[in-house]
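Trainee: I am new to this structure. Could you help me learn how to read it?
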Amino acid sequence: MLDKKFILENAATVQANCDRRGVTVNVAKFVESETVRREKQLEVEQLNRQANEVSKSIGKAQDAEEREARKAEGRRLREAKDAVQAEVDRLAAEAAEVQREIPNLTHPDAPVGGEKDALELRLGATPKPEFDFAPLDHVELAEKHDLIDFEAGAKVAGAGFYFLKNEAVLLELALQRYALDILLAAGFTPVITPDLARTEILSGIGFQPRGPETQIYSVENTDLNLVATAEITLGGMLADKILDADELPLRVCGVSHCFRTEAGAAGRASRGLYRVHQFTKVEMFAFTTPDGSEAMLDELCGLECQLFDGLGVPYRVVDTATGDLGGPAYRKFDLEAWMPGRGEAGEYGEVTSTSNCTDYQARRLGIRYKSKGEKGTTFVHTLNGTAIAISRAMIAVLENYQQADGAIRVPEVLQPWVGKTQIG
RNA sequence: GGAUGGGUGGCCGAGUGGACUAAGGCGGCAGUCUUGAAAACUGCUGACGUGGCAACGCGUCCGGGGGUUCGAAUCCCUCCCCAUCCGCCA
């Protein structure tokens, strides 16, 4: 979330930013509640100070009568304080409600508009494959080679779940190892995170688990939720910590399962593995100083490119438009892989996403840093990026690597872990 | 699931109603000594909010919430979390 004082002092800018992002928020209402709250808060502090003075004087009272008189005075002051405090609490809740809805600021270079207005920045190293046959989509390929059982998934857990079988299992593990090796070389600390997290952590990262259109599965009778991404657990890992400036930037990568309800999403574009309720993901996360986050966003995006160039999958990089940014993101780059079986004659489909969330998450999670020899603390900047989301990477690999005879070649970088050069 | 013990500043840890203005230590910063460093010694050193150019002042904060009291880290209620042991278990 944004700093209260910042919103007060830049109300017009904040409102304009919300409008550009297509988020309906009444910033003026926040300003009104917060302004009055501050005035009332001063009253509370005055009354507290007076009451404290009275309390301290009681021990020095000369006689019982004076002591009783001062007790009464103290009681009166505390009651007066409680009344004003109640008003302050009400106003604070009112302001907080608006504050929670206000998204992060936006990078000035981000394209303005909606999903269609994403700006293509560059293409990957691998050209789109030229097929002299009609390519199959991953669902057909998976069926042909007995790689995925959607029917059993639906029976056991419902539509959107699946069993991976045979080489698909080896591919999943190979993709994880492939990503981890590259990230280890890039200085990331590998982590396997919990697959569940407390509501408080989810909302710190910017998810709203109990809302009506939530993407999040919650566990009944507990405060736990299935995580939608390891971004949640990796950010939460350092919640309430004060780091040393020397430790920054901190790079961690987490392996977790990801669970998403995908409420309201269905249709041809969601066929097969593309939009599922559960998948495995290797996620990058970084904590930086404020002046280090822009470079880190480029670093994370560069790693995503390295990963997909290495896999030999064609892709493009896009700069997400303002209206399509999630609340915490200041700027977001997506990699869209070429999926020959998608749509009528192949389409790009999102496979990774990397965001600079500046201090928006850190402020909620209480993650700060301290520089040697300086007083005070500063909120860190947090960034996240997909290394490999297994299900979508698997679509891209299967569809791009299919052969005329129906076999699927295994990308060279995965062969050591898959243990074969082709499937079928 | 059962039993017990815990949650206090960046970290460790003392503190059972009024000088807590939270002891002490570690760490950090500055200085003395030293060619330099280390050691030793001396001093400073929590967070957030608020007012002030500043010195500094005021308020809040001892896991969360509620209560008792003129006054709570301390007493009461409640919830959460952590540790250890037992039971069960991959």
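Trainee: Which residue forms a salt bridge with Glu120?

Mentor: A salt bridge is a side-chain nitrogen of Lys or Arg within 4 Å of a carboxyl oxygen of Asp or Glu. Here Glu120 pairs with Arg316, and their closest N and O atoms are 3.2 Å apart. Glu120 lies in strand E1 (residues 119-123) and Arg316 in strand E10 (residues 315-319), so the pair ties together parts that are 196 residues apart in sequence. Strands (E, at least two residues) and helices (H or I, at least four) are DSSP runs, numbered from the N terminus.

This is a predicted model: local features need pLDDT of at least 70, side-chain atom pairs count only at pLDDT 80 or more, and totals for chains, interfaces and linings use all residues. Residues are numbered from 1 along each chain as its sequence is written, chains are lettered from A and ligands numbered from 1 in the order in which they are written, and side-chain values use heavy atoms, leaving out hydrogens and water.

Trainee: Are Asp319 and Arg331 buried or exposed?

Mentor: Buried means under 20% relative accessible area, exposed over 50%, and partly exposed in between (1.4 Å probe, protein chains only). Both Asp319 and Arg331 are buried, and their side chains meet in a salt bridge at 2.6 Å, N to O.

Trainee: How many residues surround RNA strand B?

Mentor: A residue is near a strand if one of its heavy atoms lies within 4 Å of it. For RNA strand B there are 20, with Arg38 and Thr377 among the closest. Sugar and phosphate make up 80% of the RNA strand B atoms that come within 4 Å of the protein. Helix H3 gives the largest share of this surface, eight residues.
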